[in-house]
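Try each task before reading its solution.

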Amino acid sequence: MILKNVCFYNEIFEKEIADLRIENGRITEIGIINEDGKDMSGLIALPGFIDIHIHGANGGDFSDATAESLDKISAYLAKNGVTSFCATSMTLNNAALTAIVKCGREYQGKEAGAKLIGINLEGPYISYKKKGAQNGDFVRAGSIEEFEQLFAESGENIKLITIAPEAFDSDEFIKHVSEKCTVSIGHTNANADETQRAIDMGACHATHLYNAMTAVSQREAGASGTLIDNENVTCELICDGGHVCPAALRSTFKILGEDRACVISDSMRAAGLGAGEYELGGQRVFVEENGKYAVLEDGTIAASITNVFEEFKNLLSFRIDFKKALKACTINPARAIKMDKEIGSIATGKAADMIFVDDEMNIKEVYINGILA
């Protein structure tokens with residue numbers, strides 16, 4: 001397939017106009033191609049968006065451990081410009097997590113829309129004090145043996161794991177697991193020193209920065225301030241305008257720059273459905289009319305009901321620089337899970353994952369591996 005007159009953001013995220021040749025799901029040529037093709041004049045091509053932290057959407061949740069639920073998530077994401085995702089589990093018992101990661105392994109290659117590119121374990125090795133909407137009954141100390149068992153059951157496709165480094169003797173765990181996947185700090189009551197030690201051991205990512213972690217103050221950087229301060233740490237941000245206020249997002253993007261912010265949805269099954277009562281990790285959660293997120297019965301923020309493309313438009317409305325916002329939805333999350341050679345930008349040799357939008361950032365067409373979704 002040849003796409004003609006494509007106005008796109010290239011590998012260095014600058015605007016360019018060229019023809020694109022797509023073969024076997026990949027971009028094989030960018031330039032002037034003297035052959036007929038589909039004229040894309042009047043539209044703008046963005047790299048396919050990537051959500052590395054999503055629990056569910058459209059009535060489905062990864063923790064259901066069913067292909068039907070993954071179909072609901074995958075189809076919803078494709079309609080909303082997200083072409084790749086890491087299905088994310090909750091803090092649950094070993095039997096449940098085993099079934100979940102097995103389901104993810106078996107589902108890959110059978111997607112209804114967006115590609116399942118990996119599994120994200122959010123817990124169970126977290127802090128009870130900062131568990132948020134996670135089920136405290138299943139919070140436990142980190143275990144290399146359990147991780148290895150789940151890693152094997154997943155087909156070695158776990159890309160991310162969230163831990164609270166202070167909640168157990170985590171040095172050896174971090175050193176071992178960081179050789180297999182990205183270790184992220186989150187749901188943590190760690191102070192600055194404990195957070196820095198975990199980073200020194202190999203942790204290099206922050207799970208939904210600011211949320212469910214110790215805050216920065218003028219006398220103690222906490223987990224939040226320490227993670228921001230380390231230039232080799234990528235930081236997830238939920239950009240629905242509720243989990244982190246617009247002013248804090250502006251300040252954070254100024255500090256993180258172009259290469260460290262990763263926009264995530266952290267959405268649950270209510271995304272795309274509206275107000276009502278739902279289930280998350282075995283707990284009841286509620287979405288109010290015009291609510292920005294789901295909450296537990298006690299009012300604790302549970303998860304979002306947004307998607308990365310909506311958050312991208314939020315960032316633009318919050319006056320975040322376009323290039324910073326675009327990279328935070330594409331190449332940065334790809335790099336965070338070490339998949340930036342495959343996805344995350346429009347470049348020769350990479351997967352032909354693209355969103356075509358108009359000047360008002362309305363989605364017109366979505367391509368996944370070169371196929372119109």
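**Exercise 1.** How many aromatic pairs does the count come to?

*Solution.* This is a predicted model, and the count comes to eleven aromatic pairs, taking ring centres within 6.5 Å as the rule. Now take one of them, Tyr125 with Phe173. Step one: the centres are 5.4 Å apart. Step two: the planes are at 80°. Planes over 60 degrees apart count as edge-to-face, so Tyr125 and Phe173 form an edge-to-face pair.

**Exercise 2.** Work out how helix 5 and helix 6 pack.

*Solution.* Start with the axes: those of helix 5 (residues 192-201) and helix 6 (residues 222-229) come within 8 Å and cross at roughly 40°. That angle makes helix 5 oblique to helix 6. The crossing is right-handed. Next, the contacts: Ala192, Thr195, Gln196 and Ile199 from helix 5 meet Gly222, Ala223, Thr226 and Leu227 from helix 6. Sorted by class, that's four nonpolar, four polar and no charged residues.

**Exercise 3.** Which strands stand at the edges of the eight-strand open sheet?

*Solution.* Write down the order, 6-9-10-11-12-13-14-15, with parallel pairing. Strand 6 (49-54) and strand 15 (261-264) are at the edges; each has a single partner strand, so one side of each lacks a neighbour in the sheet. Further in, strand 9 (residues 82-89) pairs with strand 10 (residues 115-122) over six bridges, in the parallel sense. Ala87, for instance, has Ile119 in strand 10 as its bridge partner.

Key. Residues are numbered from 1 along each chain as its sequence is written. This is a predicted model: local features need pLDDT of at least 70, side-chain atom pairs count only at pLDDT 80 or more; totals for chains, interfaces and linings use all residues. Side-chain values use heavy atoms; hydrogens and water are left out. Axes are lines fitted to C-alpha atoms, for helices over the stretch in contact, and angles run from 0 to 180 degrees between N-to-C directions. Helices (H or I, at least four residues) and strands (E, at least two) are DSSP runs, numbered from the N terminus. Angles under 35 degrees count as roughly parallel, over 145 as roughly antiparallel, 65 to 115 as roughly perpendicular and the rest as oblique. A crossing is left-handed if the near helix is turned anticlockwise from the far one by less than a right angle, and right-handed if clockwise. Contact means heavy atoms within 4.5 Å. Ala, Val, Leu, Ile, Met, Phe, Trp, Tyr, Cys and Pro count as nonpolar, Asp, Glu, Lys and Arg as charged, and the others, Gly among them, as polar. Two strands pair if DSSP finds at least two bridges between them. Rings of Phe, Tyr and Trp (its six-membered ring) pair if their centres lie within 6.5 Å; planes under 30 degrees apart count as stacked, over 60 as edge-to-face and the rest as tilted.
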